[in-house]
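Please examine the structure shown here together with its sequence.

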Amino acid sequence: MGSIAKKGLNQYLMQLQQHPLRTKAITAGTLAGLSDIVSQKLTGIQKLQLKRILLKVIFGVAYLGPFGHYLHIILDKIFKGKRDTKTVAKKVLLEQVTSSPWNNLLFMVYYGMVVEGRPWVHVKAKIKKDYPTIQYTSWTFWPVIGWINHRYVPLQFRVILQSLVAFCWGIFLNLRARSIVLPKPK
């Protein structure tokens with residue numbers, strides 16, 4: 001079993017080196033889908049909602065992976081790849097005042113309008129009610145991850161680490177973004 005896992009990891013690392021954007025996008029999509037499966041089970045949904053999972057996978061592949069890929073490249077260019085304490089603090093601060101609010105807002109809009117199919121007026125009300133708490137929670141959690149990521153993780157692995165942590169964050173967001181609780185099937 002160990003050699004199979006090692007071969008799989010080596011294949012993954014090779015894909016990450018040869019096709020970084022594609023690999024990060026697929027990884028983000030896969031983890032977003034798995035996160036949604038866990039979220040559905042935690043909320044008591046007996047039969048998995050495959051359309052919902054697919055929409056979360058699409059969000060990960062089309063947005064989360066590519067956004068993270070380019071964000072980290074841009075941050076490294078702006079700060080010339082430095083990893084000293086002062087530079088890492090600046091990267092984390094910049095990330096938290098720009099991409100963090102945007103990503104959380106975009107997720108809530110996507111989840112409400114696309115995943116749940118709710119009208120803008122309902123999504124807007126949900127955002128007005130829950131966004132401040134979600135963003136505050138984000139600011140108490142993600143800066144630590146950002147610090148570790150920018151200080152210790154090589155550039156090519158930063159989106160992977162964020163995607164792994166986002167697996168848990170996605171469960172939190174799914175549980176917060178849900179507008180209605182579906183009744184359990186009988």
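The model is predicted: local features need pLDDT of at least 70, side-chain atom pairs count only at pLDDT 80 or more, and totals for chains, interfaces and linings use all residues. Residues are numbered from 1 along each chain as its sequence is written, and side-chain values use heavy atoms, with hydrogens and water left out.

A salt bridge is defined as a side-chain nitrogen of Lys or Arg within 4 Å of a carboxyl oxygen of Asp or Glu. By this rule the count comes to seven salt bridges. The table lists three of them.

| Salt bridge | N to O distance |
|---|---|
| Arginine 52 – aspartate 36 | 2.8 Å |
| Aspartate 36 – lysine 56 | 3.9 Å |
| Lysine 91 – aspartate 76 | 2.8 Å |

Asp36, Arg52 and Lys56 are linked in a network of salt bridges. Helices are DSSP runs of H or I with at least four residues, numbered from the N terminus. Aspartate 36 lies in helix α2 and lysine 56 in helix α3, so this pair ties together parts that are 20 residues apart in sequence. A residue is called buried under 20% relative accessible area, exposed over 50%, and partly exposed in between (1.4 Å probe, protein chains only). Aspartate 36 counts as buried because its relative accessibility is 0%, and lysine 56 is buried at 3%. Arginine 52 is buried as well.

Patches are made of residues with over 30% relative accessible area and no salt bridge; like charges are joined within 9 Å, and nonpolar side chains (Val, Leu, Ile, Met, Phe, Trp, Tyr) within 5 Å. Tyr70, Ile74, Ile78, Leu93, Leu94 and Val97 make a nonpolar surface patch of about 560 Å². Helices α3 (50–78) and α4 each give two or more residues to this nonpolar patch. Leucine 93, in helix α4, is exposed, with a relative accessible area of 54%. A positive surface patch is formed by Lys80, Lys82, Lys86 and Lys90. Lysine 90 is found in helix α4 (residues 85–97) and is partly exposed at 42% relative accessibility.

An unreviewed UniProt entry annotates residues 53–75 and 159–177 as "transmembrane region"; such annotations may be inferred rather than shown by experiment. Residues 53–75 are 100% helix and 0% strand, and their end C-alpha atoms lie 31 Å apart. In helix α5 (residues 99–115), the buried residues include Asn104, Phe107 and Tyr111.

Technical notes
Accessible areas come from the Shrake-Rupley method with a 1.4 Å probe; for residues, only the protein chains shown count as cover. Lys and Arg count as positive and Asp and Glu as negative; His and the chain ends are not counted. The place of a charge is taken as NZ of Lys, CZ of Arg, CG of Asp or CD of Glu.
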